[in-house]
Amino acid sequence: MTAQESLKARRDGALDALVRSVPYIQFLGVTFDRRGDELTATLSYNARLIGNPVLPALHGGVTAGFLEITALVELAWHCTRAALEDGRPQAEDIAAGGAFHIPKTIDLTVDYLRPCRPQDCYARAQINRSGRRYASVHVEAWQDNRTRLFAQATGHFLMPPRPPDG
Amino acid sequence: MSDDDRARREKLARRFTEALPFSKALDMRIDSFGVAVAGMSMPYSGFIVGDPGTGIVHGGAVSALLDTCGGLAVFLHPEGTAPTATLDLRIDYMRPAKPGHRIHAWAEVYNTTRTVAFVRGIAYDTARDQPVAMLTGAFTFAKKAL
């Protein structure tokens, strides 16, 4: 394996371990797809996610959770990338999900733009500011059409303490 | 609102909320009804955990409870005529919920226009004066014509 392939495998393994370690991410059924430094979250449709059986539409709480998860994973991933590049977290830490320090949500504002239809959803987060303590993240979510968002959110997060360099 | 009207609305609200698959999946329960006010709760369980290291509940599960409770408060508004949908939801997280404890929510409609209901609410575990999260939201509303 070349050094480049090994780094890619380590990155994919770390992302997978992060996502698998959080029960609520598993419960909603959110997965992440990585292309270079860009993450896309997918919420796979499941009948238990319905909040309005008449329309039908997904529960607003599912949308809020999906957007919050997308923001948190983007931030945790952003913090972990640099460390992975200098080879800091050990393979066994990554397998245990222990290489991650998940930020804490301070607040989240969700803007519901259209009903979320009973089908798969996608979301991407953009970190607008990430300081030593606080981060501000914007998330967009859509279904069939990337330009027709069904929801967007902005949140503030408390960053985990940085591990000492070494 | 007459007693009959209130009883009818409460029955509808209970039937409606308890039929929501996602609320059922989180085992949410209605604890109290009032005029444009509602109380709900859900049990702690392993699958709503957001931090596996500490067992702390994911913020998304708390916001799902608050969103449902806010929607129920709008449904219980005596001047409302149609089902509601969330337009805007802001959740402020005050502190982590204590692992193992039931999470309670309370929400009220504090103002309405012809088309919008403004809602506020809180989520707490052991004591209502120590909130876990606060909700501020705007919901769709269709006010009864006078």
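Visitor: Which residues count as contacts of Leu26(B), leaving aside its neighbours within four places in sequence?

Guide: In this predicted model, Leu26(B) is in contact with Tyr24(A) and Phe27(A) of chain A, and with Met42(B), Pro43(B), Phe47(B), Ile48(B), Ala61(B) and Ala64(B) of chain B. The word contact applies because each partner has heavy atoms within 4.5 Å.

Visitor: What makes Leu26(B) stand out in the largest nonpolar core?

Guide: Leu26(B) is among the residues that touch the most other members of this core of 84 residues. The others named with Leu26(B) are Tyr24(A), Leu28(A), Val30(A), Phe32(A), Leu43(A) and Phe22(B). Helix H3 (residues 60-85) of chain A gives the most to the core, with 12 residues. As a general background, nonpolar side chains in soluble globular proteins tend to be buried together.

Visitor: How does one classify Lys104(A), as buried or exposed?

Guide: Its relative accessible area is 53%. The term exposed requires a value over 50%, so Lys104(A) is exposed. Lys104(A) is found in strand E5 of chain A and touches His156(A), Phe157(A) and Leu158(A), not counting residues up to four places away in sequence. Asn52(A) is 52 residues from Lys104(A) in sequence and 30 Å from it in space, C-alpha to C-alpha.

Visitor: What surrounds the largest pocket?

Guide: The largest pocket is lined by 39 residues, and Lys104(A) lies nearest its centre together with Ile102(A), Pro103(A), Thr105(A) and Asp51(B). Helix H1 (3-21), H3 and strand E5 (104-112) of chain A each give two or more residues to the lining, as do strand E3 (49-51), strand E4 (56-57) and helix H3 (59-75) of chain B. H3(A) gives the most, with 5 residues. By class, 25 of the lining residues are nonpolar, 10 are polar and 4 are charged. The space in this pocket comes to about 750 Å³.

Visitor: How many disulfides does a search of the whole structure find?

Guide: The search finds 0 disulfides over all chains. For Cys116(A), the closest cysteine sulfur is in Cys121(A), at 3.5 Å. A disulfide needs the two sulfur atoms within 2.5 Å, and therefore this pair is too far for a bond. Cys116(A) is buried, with a relative accessible area of 4%, and Cys69(B) is buried as well, at 0%.

Visitor: What are the phi values of Asp27(B) and Ala36(B)?

Guide: Asp27(B) has a phi of about 60°, and phi of Ala36(B) is near 60°. Most residues other than glycine have a negative phi. Asp27(B) lies in the loop between helix H2 (21-25) and strand E1 (29-34) of chain B, while Ala36(B) lies in the loop between E1 and strand E2 (37-42) of chain B.

Visitor: How are Asp27(B) and Ala36(B) classified by accessibility?

Guide: Asp27(B) has a relative accessible area of 49%. Ala36(B), at 6%, counts as buried.

Visitor: What places Ala73(B) in its accessibility class?

Guide: Its relative accessibility is 0%. That value is under the 20% limit, and therefore Ala73(B) counts as buried. Ala73(B) is found in helix H3 of chain B. Leaving aside neighbours within four places in sequence, Ala73(B) is in contact with Ala36(B), Val37(B), Ala38(B), Ala107(B), Glu108(B) and Val109(B).

Visitor: What is the overall make-up of chain A?

Guide: Chain A has 4 helices and 8 strands, in the order α-α-β-β-β-β-α-α-β-β-β-β from the N terminus. Of its 166 residues, 48% count as buried.

Notes
Residues numbered from 1 in each chain as written. Chains lettered and ligands numbered in written order. Predicted model: local features only at pLDDT ≥ 70, side-chain atom pairs only at ≥ 80, totals over all residues. Heavy atoms only, no water. Buried < 20%, exposed > 50% of the residue type's maximum accessible area, 1.4 Å probe, protein only. Core = buried A, V, L, I, M, F, W, Y, C linked by side-chain atoms within 4.5 Å. 1 Å grid on protein atoms, 1.4 Å probe; cavity = no way out; pocket = protein on both sides within 12 Å on 5 of 7 lines; lining within 4 Å. Points joined across faces, edges and corners; volume = space filled by probe spheres on them. Nonpolar A, V, L, I, M, F, W, Y, C, P; charged D, E, K, R; others polar.
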